[in-house]
Amino acid sequence: MRIIMLGAPGAGKGTQAIKIAEKYAISHISTGDIFRANIKNETELGQKAKTYIDQGLLVPDELVVDLVVDRVNKADCENGYVLDGFPRTIPQAEALDEALAKRDEAIDYAINVEVPDENIVRRMSGRRACVECGATYHVVYAPTKKENVCDTCQGTLMLRDDDKPETVQKRLNVYHEQTQPLINYYTTKGNLVEVDGTMDIEDVFGKIVEVLGE
Ligand code: AMP
């Protein structure tokens with residue numbers, strides 16, 4: 001099963017992607033996580049990506065496409081994968097489709113987690129990320145067991161620079177301009193699944209499972 005997650009930043013697509021990967025035993029590939037790991041390790045890619053990410057802008061297509069195409073060709077993707085944060089532009093979607101077609105493969109579902117902008121801004125201000133492992137939480141919707149301490153690695157939590165209110169608004173504008181057109185792209189292809197992302201995490205997941213199957 002090859003799945004793409006669509007939705008505004010903060011719509012909860014990452015949370016759903018992790019749950020999907022677990023239930024269907026497929027790989028979870030988050031381009032945001034890949035960039036953040038590269039930034040932490042101070043790689044050349046990380047340094048290039050950081051200037052865009054910190055400003056709430058998209059990293060240029062040429063820095064993302066090959067990275068993802070190489071990644072989905074790895075052995076742990078044979079069973080399928082869920083792409084979280086890619087594609088984010090029409091050229092990225094076209095490049096992915098082309099690369100998959102060469103192997104007689106295609107995306108099965110593009111799941112759009114729909115949340116209105118006003119909910120997003122409220123949600124993002126409560127989001128916290130672990131400085132060590134990058135796991136994300138929410139002070140209200142997905143709190144850690146111990147305040148400000150990561151459940152997984154005991155690292156300290158922080159508000160990511162790109163989750164600060166001024167950057168969130170910019171990321172939403174970028175989303176509407178560059179990523180939202182993908183909804184039409186996958187509708188035309190006939191594999192778009194729309195889910196109401198304002199519901200509880202488990203209810204959103206339940207709707208997704210209804211479509212993907214038990
Ligand atoms: P995310 O964690 O998915 O919200 O990604 C964080 C940031 O990484 C985004 O705001 C972008 O700057 C960058 N990024 C992640 N995935 C992509 C992509 N497919 N294309 C361009 N930029 C990306």
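1. By class, the lining of the second largest pocket has eight nonpolar, two polar and nine charged residues. In this count, Ala, Val, Leu, Ile, Met, Phe, Trp, Tyr, Cys and Pro are nonpolar, Asp, Glu, Lys and Arg are charged, and the others, Gly among them, are polar. Please keep in mind that this is a predicted model, where local features need pLDDT of at least 70, side-chain atom pairs count only at pLDDT 80 or more, and totals for chains, interfaces and linings use all residues. Residues are numbered from 1 along each chain as its sequence is written, and side-chain values use heavy atoms, with hydrogens and water left out.

2. The second largest pocket holds about 480 Å³ of space. Of its 19 lining residues, Arg36, Ile39, Lys40, Met158 and Arg160 are the closest to the centre. H2, helix H3 (44-53) and strand S5 (127-130) each give two or more residues to this lining, and H2 has the largest share, with five. A pocket here is an open set of points on a 1 Å grid over the protein atoms alone, where a 1.4 Å probe fits, with protein on both sides within 12 Å along at least five of seven lines; lining residues have an atom within 4 Å of a point. The volume is the space filled by probe spheres set on the points, which are joined across faces, edges and corners.

3. Now to H2 itself. The axes of helix H2 (residues 31-40) and helix H4 (residues 61-72) come within 11 Å and cross at roughly 105 degrees. H2 is therefore roughly perpendicular to H4 (65 to 115 degrees). Axes are lines fitted to C-alpha atoms, for helices over the stretch in contact, with angles from 0 to 180 degrees between N-to-C directions. Helices (H or I, at least four residues) and strands (E, at least two) are DSSP runs, numbered from the N terminus.

4. Which residues of H2 and H4 meet? Thr31, Ile34 and Phe35 in H2 touch Leu63, Val64, Leu67 and Val68 in H4, where contact means heavy atoms within 4.5 Å. These residues divide into six nonpolar, one polar and no charged.

5. Strand S4 (residues 109-114) pairs with strand S1 (residues 2-6) in the parallel sense over four bridges, and isoleucine 4 stands opposite alanine 110 in S4. S4 also runs parallel to strand S8 (residues 192-196), joined by five bridges; there, asparagine 112 stands opposite glutamate 194 in S8. Strands pair if DSSP finds at least two bridges between them.

Technical notes. Parallel < 35°, antiparallel > 145°, perpendicular 65-115°, else oblique.
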